[in-house]
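Here is a short report on one structure. Keep the model open while you read.

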There are 2 protein chains.
Amino acid sequence: MKKVGVALLGLGTVGGGTYRILEANREMIKKYQGVDLTVEHVLEKNLERCKQLGVDESIVSTDINNVLNNPKIKIVAEFFGGIEPAKTFLIKSLEAGKSIVTANKELVAKYWHELEVAAKKGKAGIYFEASCVGGVPIIRTLIEGMQGNNIQSIKGIVNGTTNYILTKMADTGANYADALREAQELGYAEFNPTADVEGYDASYKLSILSSLAFRTKVPLDKVSREGISTVKVEDIEYGKELGMTLKLLAIGKNTNGKIEARVHPTFVENSSQLALVKGSFNAVSVVGDAVGEIMEYGRGAGDLPTGSAIVSDIVYAALKTRHTLSNFNNTTDQVSNRKFIFDYVTENYLRVDVGLGANPNAVVSLLKKHGVKLSNVSIKPLEDKVSIVMLTESIKDSKLNNAISLLSSISGVIGLQARIRIER
Amino acid sequence: MKKVGVALLGLGTVGGGTYRILEANREMIKKYQGVDLTVEHVLEKNLERCKQLGVDESIVSTDINNVLNNPKIKIVAEFFGGIEPAKTFLIKSLEAGKSIVTANKELVAKYWHELEVAAKKGKAGIYFEASCVGGVPIIRTLIEGMQGNNIQSIKGIVNGTTNYILTKMADTGANYADALREAQELGYAEFNPTADVEGYDASYKLSILSSLAFRTKVPLDKVSREGISTVKVEDIEYGKELGMTLKLLAIGKNTNGKIEARVHPTFVENSSQLALVKGSFNAVSVVGDAVGEIMEYGRGAGDLPTGSAIVSDIVYAALKTRHTLSNFNNTTDQVSNRKFIFDYVTENYLRVDVGLGANPNAVVSLLKKHGVKLSNVSIKPLEDKVSIVMLTESIKDSKLNNAISLLSSISGVIGLQARIRIER
């Protein structure tokens, strides 16, 4: 039987989950996949953690050379996260002819090109199914399941932390700060939640997924990003009244070769499949010209779900006779702006607050006068102000922004309090 | 560039869709997949259809030898459906070293073993992603995306015709016959709808999917099957009142190596993802020990969705350097009953009708006395009878059947009118 040695760089949550799956399911993988995967080395400082997981101490060290110089090791799985030392270690591994498996979305999004150069040099492969949507094989679907399709759009709830927080706010009426605190207490959010709540994590994933979907590089700096930290619970409530649910969506679209990629809070209709994705679950909807819409749903994070994707990639890599790299032109980080759209066209939810004496109709009239077509207007009289909640028809950002900038000329207007895009 | 010749056996709905995708996306497939797929021969009687699709007449015939003897043809895609002549043609193709691609679930479910024997002889591959859930790459997910998992269950809405009919009944209150007639008029159901409405189609798919999921043969004769033709709209209504939606589910479970496989109308909770799968859409939920639940959703049929899966398989097969066959023991059709469960344990929805003078409590008491624990009882007084709607806790079929058989001893009981399993 084919024997393939594996190194694990880091034995934290996902690294530990991967180790557990590899040990528990080793015989099953031998029997059904025809390959014997053995963990030959582990890079980890925390010996207590190694002992806890039952890792033989003799294969534990903190020196990457023990991985690079071990000819038995064909696959290096990385769990450090962040850029360094992951980047240096993985590039060295690739150059040494070892394929890499990683869940590190930041690294892949930012240094895909450098990784591919090293992979070509070492004739090795790069596998990162686990980097997007945990255990859900969305990358396999894009690469191995939709080859005959021009993919037109990809829309996903790809961050469990923000989905947990938004679900909590919608279900209990909690405000953002309280929902975040609870997510932190339950371990769904980090002590420093910035990467999740400000949409960085989602934008890394969108850069990767839309590059694969549209078969052309969609670099991180072409992805617009807006997080959820300024979301107000009243807008979630007003959205509910209009039959909509608020989600942090990662959206990629390819319209006749013009690509847009954006991460932002988004209202979706309650009857859509994405609206039903609750708590820390993730889901991605892909539309291809032949297949129509496909949606995949599952846990986006966690030791075993992400470990499942890592092990899947390890088996996949171990059985490959020839590693293939991305088929799109990835040789330069200088990607022209010309193939991208930045002035997006969307429907919008708007909330403009005005003082008690002000005339809401003046706001509505001004927007209409400047070409903003409104499909719904509701006036919410409150104790100390009046909120005007409006839905726009599809409109270009530049046109809408222009109209909004004129609102301050109306006496009594407090200002635009919320502007949330709608996707159907 | 690698050139791979393809033959299409039949140019009906899906065959035509496949031809259109191959032609429209040929350059894209060349560019991104690195393989030039050319249609070298088409078996089709209907020359009008060929002309309509723009197929060069010189490559059209009705003689399979034109396929078998053409050395350019490496892949044979079959669209006849049914057993013969598909079976004979595909076995001959495999023996001649040509890989096959098919959406023919009946053929794969019934003759997988024979196809594999021929494939081994010809060193060719068997690809049937399109046979289950149209364009949704569920087979790729099971084989290439969950290698590190013991799969515990698979539950799917795998037949669009029945889902269309049940959705119609639930949304409009139409009875079965009217909903079926409308489905036929709209082309969602065949003139002879038996294969769909009696669950045959779903049972073929379940046999295939649960064999792959559980990595052991689950032959068709071990799959229990119950269709929707006896479903009454009032039970859909009563289920609604209890927060449940009726679906025809294909369910496979592996509980510590004991397998159950069953197709039947099933109540699922309204809050479940499966409840939201409406009309002719399909969805499959898979639970693995590592990844937890994954769900995939999309169109289960149609020329382009199914064509998408066919083309995906053609590309996949064309790029394979070595074809792998099922890794489970498939060498005999004689599979022992010992690894299967037939006396299922489920929760149930029951409706027992009694005459106007009868005492509903006698029914409830008798069931309870014989070990049927009820989680809900509602009495529905109607003009000419009283319906007793009950939900049971989990119970073995044999025990429930025994209790039900005793109901006729109670005076005034009209009888059991509905017994529908519940899945959570």
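## Chain contact

The contact takes 44 residues from chain B and 44 residues from chain A. Two residues count as in contact if their C-beta atoms, placed from the backbone, lie within 7 Å. This is a predicted model: local features need pLDDT of at least 70, side-chain atom pairs count only at pLDDT 80 or more, and totals for chains, interfaces and linings use all residues. Residues are numbered from 1 along each chain as its sequence is written, while chains are lettered from A and ligands numbered from 1 in the order in which they are written.

On the side of chain B that touches chain A, four elements each supply at least two residues: helix H2 (26–33), helix H7 (138–144), strand S12 (292–299) and helix H13 (303–319). Helices (H or I, at least four residues) and strands (E, at least two) are DSSP runs, numbered from the N terminus. By class, this side of chain B has 18 nonpolar, 19 polar and seven charged residues. Ala, Val, Leu, Ile, Met, Phe, Trp, Tyr, Cys and Pro count as nonpolar, Asp, Glu, Lys and Arg as charged, and the others, Gly among them, as polar.

| Pair | Angle | Axes apart |
|---|---|---|
| H5(B) (residues 86–95) and H6(B) (residues 105–122) | about 25 degrees | 7 Å |
| H8(B) (residues 160–172) and H9(B) (residues 176–185) | about 125 degrees | 9 Å |

Axes are lines fitted to C-alpha atoms, for helices over the stretch in contact, and angles run from 0 to 180 degrees between N-to-C directions. H5(B) and H6(B) are therefore roughly parallel. H8(B) is oblique to H9(B). The cut-offs: under 35 degrees is roughly parallel, over 145 roughly antiparallel, 65 to 115 roughly perpendicular, and the rest oblique.

The crossing of H5(B) and H6(B) is right-handed. In a right-handed crossing the near helix is turned clockwise from the far one by less than a right angle; anticlockwise is left-handed. H5(B) contributes residues including Leu90(B), Ile91(B) and Leu94(B), and H6(B) residues including Leu107(B), Tyr111(B) and Leu115(B). That contact has nine nonpolar, one polar and four charged residues.

The crossing of H8(B) and H9(B) is right-handed. Among the residues making this contact are Tyr164(B) and Ile165(B) of H8(B), and Tyr176(B) and Leu180(B) of H9(B). The classes here are seven nonpolar, one polar and two charged.

Glu95(B) sits in helix H5 of chain B. Is Glu95(B) buried or partly exposed? Glu95(B) is partly exposed, because 16 other C-beta atoms lie within 10 Å. A residue is buried at 20 or more such atoms, exposed at 12 or fewer, and partly exposed in between. Beyond four places in sequence, Glu95(B) touches Ala118(B), Lys121(B) and Gly122(B). Ala119(B) is 24 residues from Glu95(B) in sequence and 6.3 Å away, C-alpha to C-alpha.

Val35(B) belongs to strand S2 (residues 35–43) of chain B. Val35(B) is partly exposed, with 16 other C-beta atoms within 10 Å. Leaving aside neighbours within four places, its contacts include Met1(B), Val4(B), Ile29(B) and Leu319(B). Val35(B) and Glu182(B) lie 43 Å apart, C-alpha to C-alpha, and 147 residues apart in sequence.

## Helix H11

In H11(B), 15 of its 15 residues are buried. At 1.5 Å a residue, its 15 residues (200–214) should span 21 Å, and the end C-alpha atoms are 21 Å apart, which agrees. The expected span is 1.5 Å times one less than the number of residues. Arg215(B) follows H11(B), and the phi of Arg215(B) is positive, near 55 degrees.
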